[in-house]
Amino acid sequence: MKVSKLCKPAPFMLLALCVAIAGCGSSAVREDSQELMKEGQYEAGIARLEDALRDDPRDTELNIALAHSRQEAVEALITQADSDRIRHDYAGARIGYGRVLTIESNNRRAMEGIRQLELMRTLDDRVALGQAALRQGDLFGAERYMREVLRLDPQNQKGIMLRSDIENVQARTAQPFPQLRSKLERPVTLEFRDAALKTIFEVLSQVAGINFIFDKDLRPDMKATIFVRDVRIEDAVALLLEQNQLHQKIVNDNTLLIYPDSPQKTKDYQELVMRTFYLTSIDANTALNMVKTMLKTRDVFVDERLNTMTMRDTPDAVRMAEKLLQSQDQSNPEVVLEVEVMEVARSRILDLGLQWPNTFGVLTDDGNPVSVLDQLRGINSSRISISPAPQAKINASDKDINTLASPVIRVSNREQARIHIGQRVPIISATSVPSTQGPVITESVTYLDVGLKLEVQPTVHLNNEVAIKVALEVSNATPLEPTRQGTIPVQVDTRNAQTSLRLHDGETQVLAGLVRNDKTSSGNKIPGLGDIPGLGRLFGSNRDDMSKSELVLAITPRIVRNLPYQSPSDMEFGTGTESAMQVRQMARPLPAGAVPADSPEDEQSAPAADAQMAVVPATPSPRP
């Protein structure tokens with residue numbers, strides 16, 4: 001009994017020994033996995049842990065080790081792949097991101113990295129698109145492509161060159177006073193009543209440090225009245241020039257030339273520029289008419305061979321032409337029309353009666369046929385019999401036949417596309433002309449298109465809807481008996497439909513209802529006996545063929561390319577006045593401190609002396 005008591009703990013000792021052995025095995029697996037991970041064999045190390053977990057899915061230490069190993073492998077591989085992508089080793093980066101996805105199939109960073117690699121493959125194409133947009137005057141589109149290229153590859157040489165070209169164009173299209181703007185931004189307060197204009201400019205010159213030169217034809221007695229508070233010097237100069245019908249010209253970085261607003265002075269002082277526009281979608285002659293109508297430009301040349309337009313005008317007029325062409329020179333929208341034309345036919349054939357033989361033969365007693373020569377020789381009639389016997393036949397059939405034609409058409413906006421599937425049937429007509437030797441008959445041949453004819457004309461709208469004009473015709477021709485003059489008339493059976501519909505992109509519309517009914521009857525009967533009422537079917541058979549067909553058209557538009565979205569702010573821009581054309585971002589309102597010169601308040605507060613004046617440089621208010 002004591003021995004048995006001593007042996008009771010044996011099962012627990014065995015269990016503990018098994019746990020210890022399992023722990024040793026788990027540690028060995030983790031160590032093997034770590035060694036593989038250190039060698040860069042992440043997939044093998046993770047697979048080692050996964051194999052061990054299949055044997056013991058509840059092993060906590062193995063589960064924790066597997067989670068840590070996956071995280072470690074993903075971080076290491078993504079870091080290496082990102083580094084390869086930055087060093088332009090795209091093949092290595094793709095391999096690294098692919099290894100991450102084998103470990104963690106939904107890893108966002110790896111999928112984004114692969115997407116970036118796909119974009120990197122198209123960098124040259126994007127640079128080319130940016131250069132094309134820049135040639136068309138689309139600065140916004142060119143800058144968008146440039147930013148995409150440099151974001152993906154900051155050291156891309158072509159992208160850097162594109163950025164330089166864009167900056168050069170932007171420098172040319174900048175507002176006036178590119179170098180004076182820093183000095184003319186200072187705020188100033190002016191209070192002058194009937195003061196000499198040159199005196200006002202002299203005071204502004206002292207305040208702003210700008211030199212003003214006056215044309216020799218400028219009247220010395222010109223006076224001006226201006227009351228403005230806290231306005232920029234640039235705006236004050238513009239107000240003085242508009243008030244006295246004057247213009248300005250930048251001479252250098254600190255000098256302005258003031259001259260009268262007259263046609264001759266404008267020709268003498270106004271700088272002109274020349275610009276060639278390479279047009280892609282709009283016709284050059286159409287662009288020419290637009291520029292002459294909107295900008296009143298006279299010096300314009302069109303090269304139809306290259307589809308270019310060259311104009312010589314003021315910088316403001318060239319900038320306006322650039323903006324106009326940017327909005328008008330767009331690719332024509334295109335749409336793919338998936339069309340299915342089906343003819344659903346139902347045919348019912350009914351055969352009733354006795355099927356009598358059409359021919360009779362002669363057989364001998366042993367069932368062999370007798371030739372015509374033997375019959376002529378007079379074979380014994382006792383050996384001859386007639387066959388076959390009449391057979392009764394009752395048959396009815398009913399079936400549907402589907403005829404499908406499914407063309408896929410790609411059509412430009414407002415263009416018409418035609419499809420003809422069928423035949424061109426020749427129609428011969430004869431004309432008889434009388435003469436002394438008898439009538440002279442002249443034949444002529446014309447062709448008639450029969451079969452399936454489909455005409456579509458889509459109109460693509462900006463809201464991704466397509467308006468379609470559809471004309472469908474299905475016809476077949478049957479020649480008739482010639483006339484006495486030799487003309488062969490043709491009977492044309494046709495079904496057609498015309499409609500206009502408006503569908504969303506990808507929406508399918510089915511048009512049906514063109515039904516045709518045909519009924520024909522034929523018979524095979526013994527003459528005389530087959531015409532007996534009621535008993536005629538016993539001596540022949542009748543065939544009634546009734547058919548009904550319906551034409552079904554299914555059409556689905558899919559927009560391939562539509563006009564790009566343009567914000568109203570990009571399509572609207574200031575053009576100055578009728579007499580003075582000038583590109584402006586927006587019409588700038590008068591500052592809050594500007595007071596009209598003829599207001600009652602100014603009449604009371606203005607100094608009484610005619611030539612009294614005051615200039616006070618305004619102090620900019622501190623920013624909050």
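Let's start with two helices. In H7, Leu-123, Arg-126, Val-127, Leu-129, Gly-130, Ala-133 and Leu-134 touch Leu-139, Gly-141, Ala-142, Tyr-145, Glu-148, Val-149 and Leu-152 of H8. Contact here means heavy atoms within 4.5 Å. By class, this contact has ten nonpolar, two polar and two charged residues. Ala, Val, Leu, Ile, Met, Phe, Trp, Tyr, Cys and Pro count as nonpolar; Asp, Glu, Lys and Arg are charged; the others, Gly among them, are polar.

A word on what you are looking at. This is a predicted model: local features need pLDDT of at least 70, side-chain atom pairs count only at pLDDT 80 or more, and totals for chains, interfaces and linings use all residues. Residues are numbered from 1 along each chain as its sequence is written, and side-chain values use heavy atoms, with hydrogens and water left out.

Helices (H or I, at least four residues) and strands (E, at least two) are DSSP runs, numbered from the N terminus.

Back to the pair. H7 covers residues 123-135 and H8 covers residues 139-152. How are they packed? Their angle is about 160 degrees, and their axes are 7 Å apart. Axes are lines fitted to C-alpha atoms, for helices over the stretch in contact, and angles run from 0 to 180 degrees between N-to-C directions. H7 and H8 are therefore roughly antiparallel. That label needs an angle over 145 degrees; under 35 is roughly parallel, 65 to 115 roughly perpendicular, and the rest oblique. The crossing of H7 and H8 is left-handed. In a left-handed crossing, the near helix is turned anticlockwise from the far one by less than a right angle; clockwise makes it right-handed.

Next, charges. Side chains of opposite charge can pair when their charged atoms come close. A salt bridge is a side-chain nitrogen of Lys or Arg within 4 Å of a carboxyl oxygen of Asp or Glu. How many salt bridges does the whole structure hold? The search finds 29.

Take Glu-191 and Arg-229. Their closest N and O atoms are 3.9 Å apart. This pair links distant parts of the chain, from strand E1 to strand E3, 38 residues apart. Are these two buried or partly exposed? Glu-191 is partly exposed, at 30% relative accessibility. Arg-229 is partly exposed too, at 33%. The cut-offs: buried is under 20% relative accessible area, exposed is over 50%, partly exposed is in between (1.4 Å probe, protein chains only).

Now Arg-275 and Glu-322. Their salt bridge is 2.9 Å, N to O. It joins strand E6 (residues 273-278) to helix H15 (residues 315-328), 47 residues apart.

Arg-232 pairs with Asp-235 at 3.1 Å between the closest N and O atoms. Both are buried. Asp-235 is also one of the buried residues of helix H12 (residues 233-243), along with Ile-233, Glu-234, Ala-236, Val-237, Leu-240 and Leu-241.

Last, the backbone. Most residues other than glycine have a negative phi. Which residue after H12 has a positive phi? Gln-245, near 55 degrees. Asp-194 has a positive phi of about 50 degrees. Asp-194 lies in strand E1 (residues 187-196) and is partly exposed, at 39%. Asp-230 has a positive phi of about 55 degrees. Asp-230 sits in strand E3 (residues 223-232) and is exposed, at 52%.
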